[in-house]
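User: I have a model open and want to go through its contacts with you. Can you take my questions one at a time?
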Amino acid sequence: MRLTAALLLAATLSACVSAPRQQAPAPPPITVDPRQVPPTDPVAVPPPRSGFRVPEIMEGPGLAGLIREPASTLVSRFGQPRLDTPEGDMRKLQFRGEACVLDFYLYPLSPGAEPVATWVEARRSSDGAAVDRLACIQALSRRR
């Protein structure tokens, strides 16, 4: 009986042991005949832009006296800007109040001309969500 139990235990344990697996041989390297592979099309690089580009000008009610005006006009209406960032021939002025932030983008309308306001964006000071442009302009305008 002991012999039977020992053989049964040995057979059970031998089933748990696995034999080491043989690894499959690595696949042979793939060689490509360059005469059979079509060449890759070159990436089309746009031609460099040269010359002057006329900026897009925002239009709409309540923008008279702001759009197409130089920085000096905006500073006289809103006070000193929080940011005054020149970049090439462009300039960005940012005015901030408790209610909102106004970003004016100034571009020259002709080569070598003084940059003027061509676009304005308005957002809440707290979280940057877009707000009504005209309401923000009124909120930040100085009392005359």
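User: Is Arg-91 buried, partly exposed or exposed?

Analyst: Arg-91 is partly exposed, with a relative accessible area of 28%. Buried means under 20% relative accessible area, exposed over 50%, and partly exposed in between, using a 1.4 Å probe and protein chains only.

User: What are the ground rules for the numbers?

Analyst: This is a predicted model, so local features need pLDDT of at least 70 and side-chain atom pairs count only at pLDDT 80 or more, while totals for chains, interfaces and linings use all residues. Residues are numbered from 1 along each chain as its sequence is written, and side-chain values use heavy atoms, with hydrogens and water left out.

User: Which residue forms a salt bridge with Arg-91?

Analyst: Asp-84 does, and the closest N and O atoms are 2.5 Å apart. A salt bridge here is a side-chain nitrogen of Lys or Arg within 4 Å of a carboxyl oxygen of Asp or Glu. Asp-84 is partly exposed, at 37% relative accessibility.

User: How many salt bridges does the structure hold?

Analyst: Four. One of them pairs Lys-92 with Asp-103, with the closest N and O atoms 3.9 Å apart. That pair links distant parts of the chain, since Lys-92 sits in strand β2 (residues 90-96) and Asp-103 in strand β3 (residues 100-107), eleven residues apart. Helices (H or I, at least four residues) and strands (E, at least two) are DSSP runs, numbered from the N terminus.

User: What else does Asp-103 form a salt bridge with?

Analyst: Arg-123, where the closest N and O atoms are 2.2 Å apart. Arg-123 lies in strand β4 (residues 116-124), so this pair ties together parts that are 20 residues apart in sequence. Through shared partners, Lys-92, Asp-103 and Arg-123 are joined into one salt-bridge network.

User: What polar contact does the side chain of Asp-103 make?

Analyst: One with the side chain of Gln-94, at 2.8 Å. A polar contact is a pair of N or O atoms within 3.5 Å; within protein, one must be able to donate a hydrogen and the other to accept it, and residues adjacent in sequence count only if both atoms are side-chain atoms. Leaving aside neighbours within four places in sequence, Asp-103 is in contact (heavy atoms within 4.5 Å) with residues including Leu-93, Trp-119, Val-120 and Glu-121.

User: Switching topic, what is the overall layout?

Analyst: The protein chain has three helices and four strands, running α-α-β-β-β-β-α from the N terminus on. Of its 144 residues, 23% are buried. Among contacts with a separation of 6 or more, 45% are between residues 24 or more positions apart.

User: And the nonpolar core: which residues touch the most other members?

Analyst: In the largest nonpolar core, of 19 residues, these are Leu-74, Phe-78, Phe-95, Leu-102 and Phe-104. Such a core is a set of buried Ala, Val, Leu, Ile, Met, Phe, Trp, Tyr and Cys residues joined through side-chain atoms within 4.5 Å. At least two residues each come from α2 (71-78), β2, β3, β4 and α3 (133-140). The largest share, four residues, is from β3.

User: What does Leu-74 touch?

Analyst: Not counting residues up to four places away in sequence, Leu-74 touches Leu-66, Gly-79, Leu-93, Phe-95, Phe-104, Leu-106 and Ala-117.

User: Which residues are buried in α3?

Analyst: Cys-136, Ile-137 and Leu-140. They line one face of the helix, because seen down the axis of α3 they fall within an arc of 100 degrees, the arc being that of the directions from the helix axis to the C-beta atoms. The buried residues of α3 pack against α2, β2, β3 and β4.

User: What happens at the start of α3?

Analyst: There, a side-chain oxygen of Asp-132 reaches to within 3.3 Å of the backbone nitrogen of Leu-134.

User: Last one: where is Ala-129?

Analyst: In the loop between β4 and α3. Ala-129 is partly exposed at 25% relative accessibility. Not counting residues up to four places away in sequence, Ala-129 touches Arg-123 and Arg-124.
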